[in-house]
Amino acid sequence: GLRRSLTAEGINTWIDDMADTEEVPEVVKSPRQPEKVSVFSVPCCCGTIVSAGRRGLVNENLRAFVQSSAMEMATGLCILLNAFVLAAEAQYEGFDSAVAVHYGTQSGQTIWPHALRIFDTLEWIFG
(Lines give C-alpha, C1' and ligand atoms only; values in the text may rest on other atoms or scores of the structure.)
Protein backbone atom coordinates (compact mmCIF):
# COMPACT_ATOMS: atom_id res chain seq x y z
CA GLY A 1 0.00 0.00 0.00
CA LEU A 2 1.00 3.58 0.62
CA ARG A 3 3.58 2.76 3.31
CA ARG A 4 5.42 0.38 0.92
CA SER A 5 5.43 2.97 -1.87
CA LEU A 6 7.23 5.47 0.41
CA THR A 7 10.22 3.20 1.02
CA ALA A 8 13.36 3.47 -1.10
CA GLU A 9 12.46 0.25 -2.91
CA GLY A 10 8.94 1.51 -3.60
CA ILE A 11 10.25 4.84 -4.91
CA ASN A 12 12.72 3.14 -7.25
CA THR A 13 10.01 0.78 -8.52
CA TRP A 14 7.65 3.70 -9.07
CA ILE A 15 10.30 5.69 -10.98
CA ASP A 16 11.14 2.65 -13.15
CA ASP A 17 7.44 2.11 -13.89
CA MET A 18 7.04 5.76 -14.88
CA ALA A 19 10.03 5.60 -17.23
CA ASP A 20 8.53 2.54 -18.98
CA THR A 21 5.06 3.99 -19.59
CA GLU A 22 3.86 6.54 -22.10
CA GLU A 23 1.14 7.85 -19.79
CA VAL A 24 2.05 9.81 -16.70
CA PRO A 25 -0.51 10.26 -13.91
CA GLU A 26 -1.61 13.85 -13.48
CA VAL A 27 -1.62 14.10 -9.67
CA VAL A 28 -1.39 11.63 -6.82
CA LYS A 29 -1.63 13.46 -3.52
CA SER A 30 -1.50 12.69 0.15
CA PRO A 31 -4.21 14.09 2.43
CA ARG A 32 -1.70 16.26 4.33
CA GLN A 33 -0.84 18.85 1.69
CA PRO A 34 -2.65 20.74 -1.07
CA GLU A 35 -2.12 19.84 -4.69
CA LYS A 36 1.15 21.11 -6.24
CA VAL A 37 2.39 20.94 -9.81
CA SER A 38 5.97 20.17 -10.76
CA VAL A 39 7.95 19.02 -13.78
CA PHE A 40 9.38 16.01 -11.93
CA SER A 41 7.53 13.10 -10.39
CA VAL A 42 8.95 12.62 -6.91
CA PRO A 43 7.29 10.70 -4.10
CA CYS A 44 7.81 12.26 -0.71
CA CYS A 45 7.06 10.74 2.69
CA CYS A 46 5.60 14.01 3.98
CA GLY A 47 3.95 15.53 0.96
CA THR A 48 2.54 15.34 -2.49
CA ILE A 49 3.53 13.09 -5.34
CA VAL A 50 3.14 15.18 -8.48
CA SER A 51 3.80 14.58 -12.12
CA ALA A 52 3.44 16.86 -15.10
CA GLY A 53 5.25 15.97 -18.28
CA ARG A 54 7.28 12.98 -19.39
CA ARG A 55 10.06 11.97 -17.05
CA GLY A 56 11.74 9.81 -19.69
CA LEU A 57 12.12 12.76 -22.03
CA VAL A 58 13.72 14.90 -19.30
CA ASN A 59 16.09 12.06 -18.40
CA GLU A 60 17.10 11.56 -22.02
CA ASN A 61 17.80 15.27 -22.57
CA LEU A 62 19.83 15.48 -19.38
CA ARG A 63 21.73 12.30 -20.26
CA ALA A 64 22.48 13.64 -23.77
CA PHE A 65 23.81 16.93 -22.33
CA VAL A 66 25.99 15.26 -19.70
CA GLN A 67 27.43 12.82 -22.25
CA SER A 68 28.07 15.49 -24.91
CA SER A 69 31.48 16.70 -25.99
CA ALA A 70 30.49 20.24 -24.99
CA MET A 71 30.15 19.07 -21.38
CA GLU A 72 33.55 17.38 -21.62
CA MET A 73 35.13 20.59 -22.93
CA ALA A 74 33.49 22.76 -20.26
CA THR A 75 34.61 20.42 -17.49
CA GLY A 76 38.16 20.28 -18.86
CA LEU A 77 38.26 24.08 -19.13
CA CYS A 78 37.15 24.45 -15.50
CA ILE A 79 39.87 22.04 -14.38
CA LEU A 80 42.49 23.91 -16.41
CA LEU A 81 41.41 27.30 -15.06
CA ASN A 82 41.49 25.95 -11.51
CA ALA A 83 45.04 24.68 -12.10
CA PHE A 84 46.11 28.18 -13.23
CA VAL A 85 44.51 29.71 -10.14
CA LEU A 86 46.36 27.23 -7.91
CA ALA A 87 49.65 28.08 -9.63
CA ALA A 88 49.05 31.83 -9.16
CA GLU A 89 48.20 31.30 -5.50
CA ALA A 90 51.39 29.29 -5.01
CA GLN A 91 53.36 32.12 -6.63
CA TYR A 92 51.68 34.64 -4.31
CA GLU A 93 52.63 32.57 -1.25
CA GLY A 94 56.13 32.22 -2.71
CA PHE A 95 56.58 36.00 -2.50
CA ASP A 96 55.88 35.87 1.23
CA SER A 97 58.19 32.88 1.69
CA ALA A 98 61.00 34.71 -0.12
CA VAL A 99 60.65 37.67 2.25
CA ALA A 100 60.65 35.32 5.26
CA VAL A 101 64.02 33.79 4.28
CA HIS A 102 65.46 37.20 3.25
CA TYR A 103 65.59 36.27 -0.45
CA GLY A 104 62.99 38.78 -1.65
CA THR A 105 62.12 42.29 -0.60
CA GLN A 106 58.41 42.59 -1.41
CA SER A 107 55.56 40.55 0.02
CA GLY A 108 52.69 39.16 -2.03
CA GLN A 109 50.36 41.85 -0.66
CA THR A 110 52.70 44.54 -2.00
CA ILE A 111 53.16 42.97 -5.44
CA TRP A 112 49.54 41.78 -5.95
CA PRO A 113 47.43 43.94 -3.60
CA HIS A 114 44.00 42.44 -4.38
CA ALA A 115 45.11 38.84 -4.85
CA LEU A 116 43.76 37.46 -1.56
CA ARG A 117 40.23 38.67 -2.30
CA ILE A 118 40.44 37.28 -5.85
CA PHE A 119 41.80 33.92 -4.65
CA ASP A 120 39.07 33.63 -2.02
CA THR A 121 36.39 34.38 -4.61
CA LEU A 122 37.82 31.92 -7.14
CA GLU A 123 38.15 29.26 -4.45
CA TRP A 124 34.47 29.71 -3.67
CA ILE A 125 33.57 29.45 -7.40
CA PHE A 126 35.67 26.35 -8.08
CA GLY A 127 34.67 24.75 -4.78
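Okay, let me start with the rings: Tyr-92, Phe-95, Trp-112 and Phe-119 are joined into a cluster by ring pairs. Keep in mind that this is a predicted model. I'll come back to that cluster once we have the layout.

So, the overall picture. The protein chain has six helices and two strands. Going from the N terminus, the order is α-α-β-β-α-α-α-α. The chain has 127 residues, and 13% of them count as buried. Its accessible surface is about 9,900 Å², with 62% of that belonging to carbon and sulfur atoms. On contacts: take those between residues at least 6 apart in sequence, and 29% of them join residues at least 24 apart.

Now, helix H4. Leu-81 sits in this one, which covers residues 69-100. If you check the geometry, 32 residues at 1.5 Å each should give a span of 46 Å, and the end C-alpha atoms of H4 are 47 Å apart, so that agrees. Just past the end of H4, His-102 has a positive phi of about 60°.

Which residues of H4 are buried? They are Val-85, Tyr-92, Phe-95 and Ala-98. And what covers them? The cover includes helix H5, residues 108-111, and also H6.

A quick look at the outside, too. Leu-77, Leu-80, Leu-81 and Phe-84 make up a nonpolar patch on the surface, and together they have about 400 Å² of accessible area. Take Leu-81 from that set: its relative accessible area is 41%, so we call it partly exposed. As for the spacing, an α-helix has 3.6 residues a turn, so residues three or four places apart point the same way.

Over to H6, then. This helix runs over residues 115-126, and Leu-122 is in it. H6 has 12 residues and reaches 16 Å from first C-alpha to last, close to the 16 Å you'd expect at 1.5 Å a residue.

How far apart are Leu-122 and Val-85 in sequence and in space? In sequence it's 37 residues, while C-alpha to C-alpha it's 7.7 Å. Leu-122 has 25% relative accessibility, so it counts as partly exposed, whereas Val-85 is on the buried list for H4.

Searching the whole structure turns up three aromatic pairs. One of them is Tyr-92 with Trp-112: the ring centres are 6.3 Å apart and the planes are at 20°, so that pair is stacked. Tyr-92 is in helix H4 and Trp-112 is in the loop between H5 and H6, so the pair ties together parts 20 residues apart in sequence.

Note on methods. Residues numbered from 1 in each chain as written. Predicted model: local features only at pLDDT ≥ 70, side-chain atom pairs only at ≥ 80, totals over all residues. Heavy atoms only, no water. Helix = DSSP H or I, 4+ residues; strand = E, 2+ residues; numbered from the N terminus. Buried < 20%, exposed > 50% of the residue type's maximum accessible area, 1.4 Å probe, protein only. Contact = heavy atoms within 4.5 Å. Areas by Shrake-Rupley, 256 points an atom, 1.4 Å probe, with all protein chains shown as cover. Patch = residues over 30% accessible without salt bridge, like charges linked within 9 Å, V, L, I, M, F, W, Y side chains within 5 Å. Salt bridge = Lys/Arg side-chain N within 4 Å of Asp/Glu carboxyl O. Expected span 1.5 Å × (residues − 1). Phe/Tyr/Trp six-rings, centres within 6.5 Å; stacked < 30°, edge-to-face > 60°.
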